[in-house]
Amino acid sequence: MALVNWLKRHLVVIAGLLTLGYLLLPNVVVTVFSFNKPKGRFNYAWQQFSTDAWKDPCGVSDLCGSLSVSLQIAFWATLGATALGTLIAFALVRYRFRARGAVNSLIFLPMAMPEVVMAASLLTLFLNMGAQLGFWTILIAHIMFCLSFVVTAVKARVMSMDPRLEQAAQDLYAGPVQTFVRVTLPIAAPGIAAGALLAFALSFDDFIITNFNAGSTVTFPMFVWGSAQRGTPVQINVIGTAMFLVAVLLVLASMVVGNRRNRQKA
Amino acid sequence: MATLTEAPPPPTPTAPEKKPPRRRGRFTPYWLLLPGILWLLVFFALPMIYQASTSVQTGSLEEGYKVTWHFVTYWDALSGYWPQFLRSVAYAAAATVLCLLLGYPLAYLIAFRAGRWRNLIMILVIAPFFTSFLIRTLAWKTILADGGPVVGALNTLHVLDVTNWLGWTAGDRVLATPLAVVCGLTYNFLPFMILPLYTSLERIDGRLHEAAGDLYAKPWVTFRKVTFPLSMPGVVSGTLLTFIPAAGDYVNADLLGSTDTRMIGNVIQTQFLRILDYPTAAALSFILMAAILIMVTFYIRRSGTEDLV
Amino acid sequence: MTTVTNKNTEGSGDVRLSGIGKTYGSFTAVHPLDLTVPQGSFFALLGASGCGKTTTLRMIAGLEEPTSGTVHLGDQEVTRLPPYKRPVNTVFQSYALFPHLDIFENVAFGLRRRGIKSVKKQVEEMLDLVQLGEQARKKPHQLSGGQQQRVAVARALINHPKVLLLDEPLGALDLKLRRQMQLELKRIQTEVGITFIHVTHDQEEAMTMADTVAVMNAGRVEQLGSPTDLYENPDTTFVANFLGTSNLIEAEVDSRSGDEIVLKAGGGKLVLPEARCSAPTTTGGKVLVGVRPEKITLTHADEAGEIPAGRNRITGKIADSSFIGVSTQYVIDSPVCPEFEVYAQNIDRDARLVPGADVVLHWNPAHTFGLDAAMDIDAGTEEEAAV
């Protein structure tokens, strides 16, 4: 009876943790199999423990090249989408203008559109224009679909910002440019950073739109896709695990630093 | 008092001889919008028009294409690929429901029960994003491998007998069946369900739960009458963020499925990138877009939440 | 440094508003008004929310562009100057301290924007003035409400503005702290000698702090004067009711004797000094007679005979009484006025003065004031005078 009661009380916790397990299981598998030494071309069944792949992560031809392409595209796409998206977010929050509804719809639609539709239609455009598919077409596509997410993230932050702060800056002899640089931007920074981070993650991990518009350029997700047909090198798991660890460590480190700073000041 | 967030309406010109210097230019918002909106118009809206035009063209790669208002393409596309359309909607709907059922407890746990573990669990929900989703999807091939522990357990528990009877699995396999595809879709889009759910749950004032309890509501009643209705915005945006990409996805069907589980995304991809039948591919893509927009509009109207942006 | 000059020559620092008004579309926030705030004074704009007081303040600050009229600071016209070019600083409602800067940098902000390099000494002095020297390196959210408020004042004052504008500066503080800060602000003002223009909805705050109070209602200044003047001689029913409490009785002009007017109200007679009546008085015409609750003496009906002659008197029955420490507040049901309020100091309490008792209310006729009967007798009562 006590057990039943305990279960009843913690049902939601148990269910939640099971879901968390479901979410993390593939990462566990990816990590474990980064130490595998597969017999054939595919790394799907456990054979024996080995650290070969960790010692030589770039040992497969084109893998690190594709990683570098992805990082470059993600960097520039983040920069472009963050700049354009931040401007739009400010315009939407701070000004009243005509066509506001239309602009809002144009921002919302890319988020409500299956990727394959955007991918296919963009390819139609590029084919019609006779554009050379490659790095630049991928970059254009990435900025396009990251833009809406940046706008949403920055908008949320700017909307919650007290307009009196900017008025106070103006009252204290800061002209429009000074006000923006000294007050608006620093306060909006967390929102802009969140938007940029999201853009980077989306761009780096995008496969569908990239696959349509890449031509012969190979990004990291495309390399993984290709290897799923030809044979999956263990190095893929190494890179996946490394990225997961780096992400978790970065977040944990920033949290520790943030906590310590707060404690010092309090 | 006038709201301070918006620039006040332009004052009526009572002193026309002295025009006030406008601190906030009338055109400033348009300049701010210009680059980004132009980008979206050229690389999002214009392609849609090109695609619509391509879908009614005829011709061949060698001789070029011309607009001939060949609407038959749509009919052919629909009659040829309606099973894939139906399958996409069915798989995406199943994945969305599963995401909601699995995601809600976790979002609730993070919002109300996690205490000091809250940040850690949040990180664990988001961090897998940084391992390419293709790698993680491939991991499911290992997890659901034939003769592996998962399939073995399902077999022992006679779950496979049931799913076989339902047509979700075939024989002793899970891989290359609808179950595997739905499982992959659910896994891939679960965070998109959890995050909006968490956001709207976190906004709920904890005192509402106490108030409901004080007013004689048992926990389950509190959930049904207070928590769940208040989390509706999260449920709506979560289901949309899951359903839309799932319906257009072809990665899971390709990696975890078989030729019998092909979704509409697979067809569009093949038509576009392998067969190079652009009009048919464009028509299929256009139908998918229209179907999704209609469903989404209807759904948003029904659920009464329109501020998703 | 070009925009801010700190001349302290007599009379050159007056704030002059001429015909200044503000409309938003069809809504008039401020009707064109003229107002002069003498240099060095502590001036309060008092009114309920939405009366246009904040809009007026923001037009002086340059945060709102007036639809009509001009703003002068001394000899300089600043009507079209943007806020960052005006020698005026503001203490914002809920302070608007920059959350990303520490206290020192918040206070130094204005100096730095004007290109002043060595700010350390000035900032430290200013922080000492507001007793926050220890907190210089904290972030705003680490301070209490009262401390934040003082930072906001320091941040504005350090620029030696010609005028300091305060927009409900104490609104976010609890009652006790608010009292303390009222005195503190008054002290600082006396010390630095800068003109303060203070916007508030709290009549007690305005009367405690300001030399001159302008009572605003629906975009207009109802009356302007010293706190005592406004309280003792209200010009309108709004001022009479908004500042403290007034008992207003509708009466008919009966006759005149010398500089006194004799009025009829509910069968009895009341005397009103002519000098204290702002309304036209023709025999047979109506006026509103007002008297403040604390001016009235309450006598049990059995001892009505002991009341000295020459006092205004009204009979009634106690409807309710509440003991609040220093005084007891009575509500009297009287034929001339259904809810007559009387505040009696608790010196010698008459045990017979309980609800139901018949009483006579009497007061010195000199404490009576007269208002135009055409005005709304309830104006200014419903608003919350103090939150």
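At roughly what angle do the axes of helix 11 of chain A and helix 4 of chain B cross, and within what distance do they come? The legends below begin with this pair of helices and describe a predicted model.

**Figure 1. Helix 11 of chain A beside helix 4 of chain B.** The axes of helix 11 (residues 220–230) of chain A and helix 4 (residues 133–143) of chain B cross at roughly 25° and come within 9 Å. Angles under 35 degrees count as roughly parallel, and the two helices are therefore described as roughly parallel to each other. Helix 11 of chain A makes the contact through A:Pro221, A:Val224, A:Trp225 and A:Ala228, and helix 4 of chain B through B:Leu134, B:Ile135 and B:Leu138. By class, these residues are seven nonpolar, no polar and no charged.

**Figure 2. The contact between chain A and chain B.** On the two sides of this contact stand 72 residues of chain A and 75 residues of chain B. Helix 1 (residues 28–55) of chain B gives the most to the side of chain B that touches chain A, namely 18 residues. That side of chain B consists of 57 nonpolar, 14 polar and four charged residues.

**Figure 3. Chain C as a whole.** Chain C contains eight helices and 20 strands. Its C-alpha atoms fill a box of roughly 80 × 45 × 40 Å along the principal axes. Of the 387 residues in chain C, 43% are buried. Among the contacts in chain C with a separation of 6 or more, 67% join residues 24 or more positions apart.

**Figure 4. A four-stranded open sheet of chain C with a helix packed on it.** The strands of this sheet follow the order 2-1-4-5, and their pairing is antiparallel. Strand 2 (27–37) and strand 5 (76–77) of chain C each have a single partner strand, so one side of each is left without a neighbour in the sheet. Strand 1 (residues 15–24) of chain C is joined to strand 2 of chain C by seven bridges. C:Val15 has C:Val37 in strand 2 of chain C as its bridge partner. Helix 1 (residues 53–61) of chain C packs on the sheet and touches strand 1, strand 2 and strand 4 (68–73) of chain C. The direction of this helix makes about 120° with that of strand 1 of chain C.

**Figure 5. A five-stranded open sheet of chain C.** Here the strand order is 13-12-11-14-20, with antiparallel pairing. Strand 13 (268–273) and strand 20 (369–372) of chain C form the edges, each pairing on one side only. On average, and with direction ignored, neighbouring strands of this sheet are turned by 45° against each other. Strand 12 (residues 260–265) and strand 13 of chain C run antiparallel and are joined by six bridges. C:Ala265 stands opposite C:Gly268 of strand 13 of chain C.

**Figure 6. Strands 16, 17 and 18 of chain C.** Strand 16 (residues 312–323) and strand 17 (residues 327–334) of chain C pair in the antiparallel sense over six bridges. C:Ile318 has C:Ile332 in strand 17 of chain C as its bridge partner. The hairpin of strands 16 and 17 of chain C has three residues between the strands, and C:Gly325 takes a positive phi near 95° in this hairpin. Strand 17 of chain C also runs antiparallel to strand 18 (residues 337–345) of chain C, to which seven bridges join it. A hairpin of two residues connects strand 17 of chain C to strand 18 of chain C. C:Thr328 stands opposite C:Ala344 of strand 18 of chain C.

How values were computed. Residues numbered from 1 in each chain as written. Chains lettered and ligands numbered in written order. Predicted model: local features only at pLDDT ≥ 70, side-chain atom pairs only at ≥ 80, totals over all residues. Contact = placed C-beta atoms within 7 Å. Nonpolar A, V, L, I, M, F, W, Y, C, P; charged D, E, K, R; others polar. Buried ≥ 20, exposed ≤ 12 C-beta atoms within 10 Å, placed from the backbone. Pairing = 2+ DSSP bridges. Axes fitted to C-alpha atoms, helices over the stretch in contact; angles between N-to-C directions. Parallel < 35°, antiparallel > 145°, perpendicular 65-115°, else oblique.
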